Amino acid sequence: MRKVVLISTAVAVCVSSVIAVDLKELAKRSDKGFKKPEIEYKIPDESKIPNNAYGELVKYGKELTVNTYKYIGPEAADPKMRYSGNNLSCQNCHLDAGTKAYSAPFVGTFAEFPQYRPREDTIGNLTDRVNGCMQRSMNGYPLPVGSKEMRAFEAYIHWLSQGVPVGGSKMEGRGLAKVDRKMVKQRAADPKAGEKVYQTHCASCHGDSGQGLKNEGLASGYMYPPLWGPDSYNKGAGMFRLLKAADFIKSNMPLGATHEAPILTDAEAYDVAAFMNLDSHYRPEKINRSSDFPDVKVKAADVPKGPYLDTESETTHKFGPYGKIIKN
Ligand code: HEC
Ligand code: HEC
């Protein structure tokens with residue numbers, strides 16, 4: 001009996017050593033077990049925000065999502081309020097104040113937390129998740145728990161999630177839409193081809209050096225946000241990961257693209273994402289990045305920093321191909 005157990009353990013180790021993410025392991029730690037109902041993607045009517053203390057907080061949360069830099073950016077009038085390290089707004093990625101489908105919208109998000117987070121290998125709540133973007137996408141510091149700003153983000157996300165039951169739902173439009181995973185398994189992204197895509201489809205707004213175009217005046221944010229450089233997201237951000245960036249770009253960029261009417265092909269989105277995130281493009285470091293994904297068993301495939309469960313190089317994790325990394 002004992003022998004059998006030993007053998008099966010050895011087999012399990014052998015199988016999992018060739019893949020980065022052990023999906024069974026992920027399932028064991030997640031909130032599976034809720035039966036998620038299918039729910040239609042629905043943005044609540046803004047005119048119905050109630051005229052009371054709750055409504056005021058919801059409105060402030062929306063305002064913070066749209067004009068983040070004005071209240072908590074590095075140029076904010078009150079130095080004590082300078083929590084984010086760059087002049088981006090949440091809306092620069094969570095488009096249309098967090099309501100555009102397939103741009104990681106906040107619609108339904110409240111109901112998805114608490115949630116297992118492989119990056120921290122723990123069950124995190126919505127506050128932790130907002131502070132994840134504060135420390136990575138915004139290259140800044142966590143907002144104090146219970147601060148007016150944190151409560152406002154929570155209230156706004158709560159309001160955008162009305163009608164969605166606790167435990168979340170299967171909802172088309174939530175998160176990001178994936179570029180063809182067969183393609184990413186077969187070939188590495190080509191940043192040289194991506195540079196051409198960049199020049200044709202991106203540079204007119206984001207600039208030849210990815211610097212974007214800043215609005216005039218302090219704490220006024222960007223007309224076109226930067227894609228790299230000192231005022232961009234840092235190396236711990238989701239957008240620094242190739243597949244996440246490709247997924248975002250395909251359904252959202254160039255500005256005007258949607259999931260239903262994309263402008264780039266999957267291949268172009270994959271290549272331009274690799275170009276955008278090249279190491280030769282300066283980007284701030286994330287403090288303590290090495291403590292991300294403390295358990296390699298559940299480490300995301302496109303994290304460009306080892307150690308990994310598999311034997312593929314950091315370069316392969318950064319650019320693909322992901323055939324030996326992502327298991328079906
Ligand atoms: C540079 C781009 C970027 C910026 C700026 C940004 N985020 Fe994010 N955010 C992301 C990405 C990418 C994800 C992950 C999406 C996914 O995996 O589906 C995410 C996820 C989230 C989630 C979880 C969404 C869900 O439904 O699970 C929340 C909440 C969030 N961000 C809040 C914020 C807030 C608040 C701000 C501003 C203070 C902000 N983000 C700024 C890129 C960004
Ligand atoms: C017509 C102008 C325009 C073009 C062209 C364009 N973008 Fe954008 N992009 C924007 C604007 C504006 C935002 C911020 C959206 C908002 O705040 O509503 C943005 C946001 C982004 C973001 C998230 C925010 C950040 O700064 O990291 C990424 C990534 C991005 N664009 C990549 C691209 C790529 C790649 C291309 C080319 C395939 C491209 N964009 C083409 C205008 C443009």
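**The chain overall**

Of the 328 residues in the protein chain, 42% are buried, where buried means that 20 or more other C-beta atoms, placed from the backbone, lie within 10 Å of the residue's own. This is a predicted model, in which local features need pLDDT of at least 70, side-chain atom pairs count only at pLDDT 80 or more, and totals for chains, interfaces and linings use all residues. Residues are numbered from 1 along each chain as its sequence is written, while chains are lettered from A and ligands numbered from 1 in the order in which they are written.

The protein chain has 13 helices and four strands; these are DSSP runs numbered from the N terminus, H or I of at least four residues for helices and E of at least two for strands. Its C-alpha atoms fill a box of roughly 65 × 45 × 40 Å along the principal axes.

Helix α3, residues 53-66, and helix α7, residues 148-159, have axes that come within 7 Å and cross at roughly 100°. The axes are lines fitted to C-alpha atoms over the stretch in contact, with angles from 0 to 180 degrees between N-to-C directions. So α3 is roughly perpendicular to α7, a term for angles of 65 to 115 degrees.

Helix α6, residues 126-135, has buried residues including Leu126, Val130 and Met134. The buried residues of α6 pack against α7, contact meaning C-beta atoms within 7 Å, placed from the backbone.

Technical notes
Angles under 35 degrees count as roughly parallel, over 145 as roughly antiparallel, 65 to 115 as roughly perpendicular and the rest as oblique. A residue is buried if 20 or more other C-beta atoms lie within 10 Å of its own, exposed if 12 or fewer, and partly exposed in between; C-beta atoms are placed from the backbone. Two residues are in contact if their C-beta atoms, placed from the backbone, lie within 7 Å.
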